[in-house]
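Here is a short note for a colleague opening this model for the first time. Please read the points with the structure in view.

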Number of protein chains: 2
Amino acid sequence: MSYQPLGDDNAFLLFDVLKADRQLQRLSAHGETDRALMRQVLDEAGKWVGAVVAPLSRAGDEVGAQFNAGCVTTPPGFARAYRDFWQAGWPALACAVEDGGQGLPWVLEGVLYEWLSAANHGWTMAPGLLHGAYECLKHHGSEALKAAYLSKIASGEWLATMCLTEAHAGSDLGQVRTQALPAGATELGDGYEISGSKIFISGGEHDLTENIVHLVLARLPDAAAGPKGLSLFLVPRLLPDGRRNTVVCERIEEKMGLHGSPTCVMRFDGATGWLIGRPGAGLNAMFVMMNAARLHVALQGIGLLDAAWQKAQAYALERRQMRAPGAVPASRGAGEVADLIIEHPAIRRTLDLQRAWVDGGRVLAYQTGVHLDVARHAADEREREQALQWCSLITPVLKAAWTQQAFEGASACLQVFGGHGYIREWGIEQIVRDSRVAMIYEGTNEIQAIDLLVRKVLPDGGQSMGQWLLGLRKSLDAARVLDAEVLRCLAQLRYFTTVLAQACADDQTLAWRVADDYLRCVAVTLLGWAWARIAATEGAEGERWQGPLRQLQQRILPELDWRLSLMKAQWSQASVVHGNQVFAPARP
Amino acid sequence: MSYQPLGDDNAFLLFDVLKADRQLQRLSAHGETDRALMRQVLDEAGKWVGAVVAPLSRAGDEVGAQFNAGCVTTPPGFARAYRDFWQAGWPALACAVEDGGQGLPWVLEGVLYEWLSAANHGWTMAPGLLHGAYECLKHHGSEALKAAYLSKIASGEWLATMCLTEAHAGSDLGQVRTQALPAGATELGDGYEISGSKIFISGGEHDLTENIVHLVLARLPDAAAGPKGLSLFLVPRLLPDGRRNTVVCERIEEKMGLHGSPTCVMRFDGATGWLIGRPGAGLNAMFVMMNAARLHVALQGIGLLDAAWQKAQAYALERRQMRAPGAVPASRGAGEVADLIIEHPAIRRTLDLQRAWVDGGRVLAYQTGVHLDVARHAADEREREQALQWCSLITPVLKAAWTQQAFEGASACLQVFGGHGYIREWGIEQIVRDSRVAMIYEGTNEIQAIDLLVRKVLPDGGQSMGQWLLGLRKSLDAARVLDAEVLRCLAQLRYFTTVLAQACADDQTLAWRVADDYLRCVAVTLLGWAWARIAATEGAEGERWQGPLRQLQQRILPELDWRLSLMKAQWSQASVVHGNQVFAPARP
């Protein structure tokens, strides 16, 4: 059974819990976007994803993308499904009307990609990269480049890539060596000859579209060393005159999973390209799309975890093994010698724990999606700034914590199948293999943690983080038990942030030693906040929501205090005194 | 670079920390087995494993075992390496001299299999099953069966399988349906016709040996329902007269990993077999070998984690990315723009954490290996009983916690490689895939946890567990800082065990709800004990041992208090009062 989007769940979180429709309708750009319209779009998306994309996932893994003499063939059915996809207008859902898009809220694109990733992670890699390229070109491209490429990218008629990594430059893009030499005027502006080799290029070559638009990070002559010497270039597979550019795919990688997506080694041999943005501002141009791209990856994590849960839940409702302690005899069929494994406490816990992460993650990711639109369209500057701050702080947390949970949770769901989980037949081991990559790409999870703590929280001594946590309080009602616990977590984290900022001022490596734990603390606290929102919503009374909520309370929230104590143990020998509080030094 | 055993490390733990040679020489069976002899055996084993078995691992994964019309071909080089292995006498290392073995201590077999698993998990599955079959046949087989099969199994000239699982009966062997019908006298005793289908049979068919000896769980006519109706049968591929028995391999499974080991669906069509042990005592006969077999799996976990660490450590000592905070400038080569990634705190922590688990796990597993020999050979009955108790309590802990750490730690080591970890080239993703199965087979990790708590700790109200924990105190010196912390952990766990036993008496599902956390608490505490032993040994002063020790203190031991609090949160609403202590009820 392949993945089926359960739209009612998503709609409950989006409309009942978050009231996303009302939040969006306050923006003039989305004044007409009511719940009925959004629901209709989602219903069509869900039907199409379940019927067309999900059934191709298994062949995507088993056949995989194939390389032959510079050409890449995608797995059976991929090309036809992609043609349906872009011709139906799905890639342009949230693109601006003037670029040929439908101008709908970003959050609908978010839900669509969550479902697509759940249904078929490999296939989804191809269109997934369009959206960053669209934003990048729209905001930094020259008018001539936009006229030639923007609408084709918006519609998805042409696909796009991000050519960043080189063999020796992975997380450290400052080491990129690909060269760009000026090559005279062209009808699209000054041309450049791009030469160098890029690795790990998803969709660098394939048979899904006629043209592929590569966005390539390279150095102009005499550029500064390091990241400030990097510029961004648009390098198409086919040149405007129809000739083939000198870009070749040298091979595709054999990977742990994600076999449906060709991961290419690309060689640029004096390939023709055009500058996007200013010389030396290549990384800048890419940062524009970073939050949205990382949110896409977080949604992959949420989707893959939901897909793993869906398989394990179905299996646990069919498979009988042994008597379960405390099982209600009524659940046993006549003559059954064993109980459904969902009655076994360890299995039930595993399943509900994953739902706690999926549903709470959806609340956080969807709210972030709404804020992406607020940041873009709100009339009030202060409101736009606050929305941007939300996106900036939460995105690394969603990316890192939810991709980690996708992998670990998929492995836990595999365990539900026992030995059957380890064989291909049930498809659960594919999710474990596929999901693993999301902890690495778009910035490894360790880099997300450093981004959060070192670049975003510490520079102002934790002030803006503290303000943001205060803001989260406002939506909670201290009279409810869960809310009270979440308020305690928010207060703990806020206080700890200030103390940590001071300690980091005295210890130059401390921030790097605790960054992963700090991100995890933020994730756990935010998950609590999300569930406080869910629990306070009419319609969340049944076991469907209360089971995961129990796991949140019993197993997830307690992690905060433990992680805080792990970080405190990293303090240097001397006690750190702050206000009336003394943190004892770590054990020697 | 394939895996290389580093014998000095193992020898330090075995001889300097545990003084295994002195412990063993107290047994008359091993009076002559001194350190020099044991070290010589290990040196030869290590050299052979690194040179012959390790280089075959990659092809084992990529080519894998192949099935064709009932026959299984093992990957290139496997058959030749196996012939060398048994002809050199390795399988019979710890078998009794009267069975053609060398009569050496079990712990040497343990270290050998740890290295073999690290070097090539798939290949090692084949001989790994010999040892349980040997013990089972030796203790329960008739004289006629032993005369015909025991020495061939001891030597490894013939390989063996365990045919337990059926499609509907995985963890729940009571549901086994394979039938055994009496078929008259034969020269090996009363014969039976065995009919049924078994799945997940490792090495059910292959080209490594002429004969394969299947140990098959089946039901005699009119046998009781459930586990008490199961009997064990020996069913050879080739009958004593050289004819082929009616046992066929129907297919092999496509798996997540472990491709070098054929996982077979076996059909028995009235195949000729002989009873091992008494009718209805089939599970009993197998429990004989359970501790040793589960210890083998724990050693797989330790070995695979060591292999993952070895790859990641080597990569981290070569790869340069970005400036590391606090890195010593002297470590930078002239003109290097980036630091070795081992200088980055998150990478260093990952590597040292795995070593904390590997080295501490070795101390525990090797001591258990010594106790297996004490239980077998000690003159004093009380000493034998105490050794058996050690094995019985610690084995499920080692199996579950160290196979989990192998998978999670291998994934953490993959992360050290960034994107390079996700592609096949470096071999690290293979370890992640291969190691995953060990959390499932020989009893899932959840079943190990239930075995520990429900079957071994609770029946006497936690008394014998408490005594055992008291016994662990004796080897520690409270004057040392680490020892003091470990003594605190031991006391905490001991006290908690008593309280838990009482709470479980009042709540029939509590034990099942907390079993996994309880096992984890025991694992963490034992790891502390193991490291207290290491830290107290001359030679452990350098960073090689102090780095992992810091991770143990800062990240692993604190988990105990957190897990205890998670379990307490499972208490029912009413407070549980024990002595002067009141555990507050869980949050509602």
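1. Terms first. Helices (H or I, at least four residues) and strands (E, at least two) are DSSP runs, numbered from the N terminus. Helix H9 of chain B is followed by Gly156(B), and the phi of Gly156(B) is positive, near 85 degrees.

2. Basis. This is a predicted model, in which local features need pLDDT of at least 70, side-chain atom pairs count only at pLDDT 80 or more, and totals for chains, interfaces and linings use all residues; side-chain values use heavy atoms, without hydrogens and water. Residues are numbered from 1 along each chain as its sequence is written, while chains are lettered from A and ligands numbered from 1 in the order in which they are written.

3. Helix H9 of chain B. H9(B) covers residues 143-155, which is 13 residues. From first C-alpha to last it reaches 18 Å, close to the 18 Å expected at 1.5 Å a residue (1.5 Å times one less than the number of residues). H9(B) also bends by about 45 degrees at Tyr149(B); the bend is the angle between axes fitted to the seven residues ending there and the seven starting there.

4. Buried means under 20% relative accessible area, exposed over 50%, partly exposed in between (1.4 Å probe, protein chains only). The buried residues are Leu145(B), Lys146(B), Tyr149(B), Leu150(B), Ile153(B) and Ala154(B).

5. Strand S9 of chain A. How many residues of S9(A) are buried? Ten of the 14 in residues 263-276 are, so the strand is largely enclosed by the rest of the structure.

6. Partners of S9(A). Two strands pair if DSSP finds at least two bridges between them. S5(A) (189-202) pairs antiparallel with S9(A) over ten bridges; Gly196(A) has Phe268(A) as its bridge partner. S7(A) (230-236) pairs antiparallel over three bridges, with Leu234(A) opposite Trp274(A). S8(A) (247-252) runs antiparallel to S9(A), joined by five bridges, and Cys249(A) stands opposite Met266(A).
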